[in-house]
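Let us walk through a protein model together. Keep the view open as you read.

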Amino acid sequence: MSTVAAERATKKAAKPATMAQALGRALRDSLAEDPAVHVLGEDVGALGGVFRVTDGLTKEFGEDRCTDTPLAEAGILGTAVGMAMYGLRPVVEMQFDAFAYPAFEQLISHVARMRNRTRGAMPMPITVRVPYGGGIGGVEHHSDSSEAYYMATPGLHVVTPATVADAYGLLRASIASDDPVVFLEPKRLYWSKADWNPDAPQAVEPIGKAVVRRTGRSATLLTYGPSVPVCMEAAEAAVAEGWDLEVVDLRSLVPFDDETVAASVRRTGRAVVVHESGGFGGPGGEIAARVTERCFHHLEAPVLRVAGFDIPYPPPMLERHHLPGVDRILDAVARLQWEADN
Amino acid sequence: MTVMEQRGVYRPTPPPAWQLRTDPAPLLPDAEPYRVLGTEAAGKADEELLGRLYAQLVRGRRYNTQATALTKQGRLAVYPSSTGQEACEVAAALVLEERDWLFPSYRDTLAAVARGLDPVQALTLLRGDWHTGYDPREYRIAPLCTPLATQLPHAVGLAHAARLKGDDVVALAMVGDGGTSEGDFHEALNFAAVWQAPVVFLVQNNGFAISVPLDKQTAAPSLAHKAVGYGMPGRLVDGNDAAAVHEVLSEAVSRAREGGGPTLVEAVTYRMEAHTNADDATRYRGDAEVEAWRAHDPIVLLERELTERGLLDEDRMRAARDDAEAMAADLRGRMNQDPDLDPMDLFRHVYAEQTTQLREQAAQLRAELEASNEEHTDGTDGTDGEENAR
């Protein structure tokens with residue numbers, strides 16, 4: 001089949017799929033291809049996960065490959081460490097962002113540094129799936145953005161998809177990685193849809209590469225995960241103001257793609273980092289510092305941050321005031337112009 | 001004798017029968033720790049095994065005293081001695097087959113050495129030249145674990161994985177009395193019982209978690225009693241009786257290997273030295289208590305048994321001591337050499353493939369090292385003052 005014909009066939013077969021479906025397909029394909037892959041977590045079996053990402057996996061692969069565990073996050077991740085020590089590739093589900101905290105000691109003291117402790121003799125090919133972030137009306141402890149904690153831990157990769165295709169590709173790459181990956185799943189994008197063909201071979205994106213989602217000349221929006229669609233919307237709205245915004249989807253927070261980010265900011269001369277986790281001590285501070293170090297002489301204005309407020313995640317009826325939206329992003333872009341003019 | 005004091009017997013009020021998955025009675029430990037030495041059971045003990053245990057105990061004691069001496073010479077940053085607990089350490093190592101795995105805590109260096117690990121490699125963590133000085137897969141010994149009880153779920157996961165692969169591998173995980181209060185202890189035991197994983201948990205109850213005595217650690221009748229709540233057998237054993245610890249652990253290992261699931265073994269023993277060389281044990285316990293335990297020393301107990309049965313004479317005792325002394329001399333000699341360290345190792349084992357960020361930092365360190373070498377070649381002999389002082 002010629003490339004054009006293959007492309008046409010792919011397009012023809014493409015149909016709306018949700019991010020949750022793409023993630024489930026990535027798990028399914030990984031389980032089918034590699035007998036070392038095991039999925040474990042609370043409710044991942046008969047229920048298919050509370051977000052249905054693991055739907056049907058136990059039925060297809062059996063309870064030994066997709067296992068309902070006791071309700072204990074440290075135990076889930078701790079046993080995964082032992083499984084990895086014996087040559088398996090566990091994929092664990094943490095159900096909700098704030099539920100992962102009991103597993104922090106296992107993650108930080110063992111998962112992240114086992115390779116280092118053993119001089120490379122004992123890698124930890126574990127994928128930790130963490131649904132994260134707000135915007136779904138979740139009650140307390142169901143909407144945290146915990147990426148800064150993971151980013152601060154050497155030895156972990158931290159990735160987060162923003163599109164249906166990336167959800168599949170990044171998860172496949174994470175499971176294939178010989179290092180531990182914290183795979184942050186933006187909860188409010190689980191039901192986002194895109195035309196995507198589950199039957200065609202999917203390109204597996206390498207971990208560590210950012211992507212320019214929209215090119216522009218006025219300023220760069222640096223963002224990831226749940227804030228990517230918000231930034232895309234802001235960029236469209238900015239056209240009316242006469243601004244042509246570039247949107248960079250970081251995809252991988254660790255390792256960080258300095259190249260793509262610096263190249264974009266050098267082109268535009270202005271940058272705003274957008275994420276919904278708190279700004280103080282948050283990912284934006286690190287990103288802004290990196291950009292400043294690399295692009296200082298190209299910058300027309302300080303690198304600004306549009307982040308969630310520095311508050312415990314608010315109750316659902318107030319979360320719309322907390323989450324960075326289009327207006328807040330455009331206000332920041334306006335301040336970039338002001339900084340440049342004065 | 002605080003830790004040996006008789007505690008109340010656990011008498012559960014039975015729920016309706018349909019709620020009971022098993023009769024808890026067979027899971028409960030005996031009220032008294034199981035003993036072999038000095039009892040009728042000793043007559044049935046394997047003589048060759050007793051001889052091996054004796055040689056290993058003598059070796060183990062010498063290893064402990066040598067390692068403690070190395071801390072005084074500044075060759076070890078710290079050493080948590082297992083003097084007084086050698087019976088547990090040695091028995092844990094000897095009950096395992098080569099294919100089995102040992103999950104030691106930071107105090108269990110001796111168990112790793114008794115399993116065959118090079119004593120110098122076993123001390124890497126405590127010397128401070130790296131975190132784990134050996135390939136865990138080569139010896140089937142997990143890295144010495146400093147956080148408390150976090151190695152227990154690893155043992156469960158590994159044993160579970162082995163069973164999924166069809167291997168009859170058993171994992172033996174060691175933890176102290178303080179570690180049983182940690183959440184990971186609970187989660188590991190619960191997972192192991194639910195999965196019927198081939199794991200043996202060995203709690204060395206040595207009386208103190210640094211300074212906190214057992215009665216401030218738990219209100220349970222014994223630590224072995226905790227097993228029944230998970231649905232696994234709990235066994236209480238005299239941790240200074242090498243033959244008894246070996247027998248109880250052997251039974252547990254066999255049951256695990258045959259698909260019978262996990263066991264929790266509490267070995268009641270005593271830490272004769274302080275928690276580490278940095279601790280002052282006189283602040284929390286009296287001499288009388290320590291002396292009482294000295295009379296119950298694991299080597300003394302086994303020596304008495306072997307001598308009474310005519311299995312040990314002066315020649316054999318000397319042979320054991322000579323063997324231990326040779327091990328100590330070799331350890332001392334090699335530990336007194338400065339380890340060969342490469343600062344660039346700092347970046348080598350963080351990820352399978354270095355990130356751009358780490359490559360940049362590695363380049364920075366390399367430049368610093370090169371600049372410092374140039375300084376030395378310009379003016380000095382290339383060694384620093386500290387090295388010359390040694």
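The paragraphs below cover the interface and then some backbone details.

This is a predicted model, in which local features need pLDDT of at least 70, side-chain atom pairs count only at pLDDT 80 or more, and totals for chains, interfaces and linings use all residues. Residues are numbered from 1 along each chain as its sequence is written, chains are lettered from A and ligands numbered from 1 in the order in which they are written, and side-chain values use heavy atoms, leaving out hydrogens and water.

Start where the chains touch. Chain B gives 43 residues to the contact and chain A gives 47 (contact means heavy atoms within 4.5 Å). Together the two chains bury about 3,600 Å², with 60% of it on carbon and sulfur atoms. Buried area is the accessible area (1.4 Å probe) that two parts lose on being put together, summed over both.

The interface holds 2 salt bridges, meaning a side-chain nitrogen of Lys or Arg within 4 Å of a carboxyl oxygen of Asp or Glu. One of the salt bridges joins B:Glu360 to A:Arg294, at 3.3 Å from N to O.

Now look at the backbone. A cis peptide bond links A:Val254 to A:Pro255, with omega near -5°. A:Gln95 is not a glycine, yet its phi is positive, near 65°. A:Gln95 is buried, at 12% relative accessible area. B:Ile210, also not a glycine, has a positive phi of about 55°. B:Ile210 is partly exposed, at 43%. Buried means under 20% relative accessible area, exposed over 50%, and partly exposed in between (1.4 Å probe, protein chains only).
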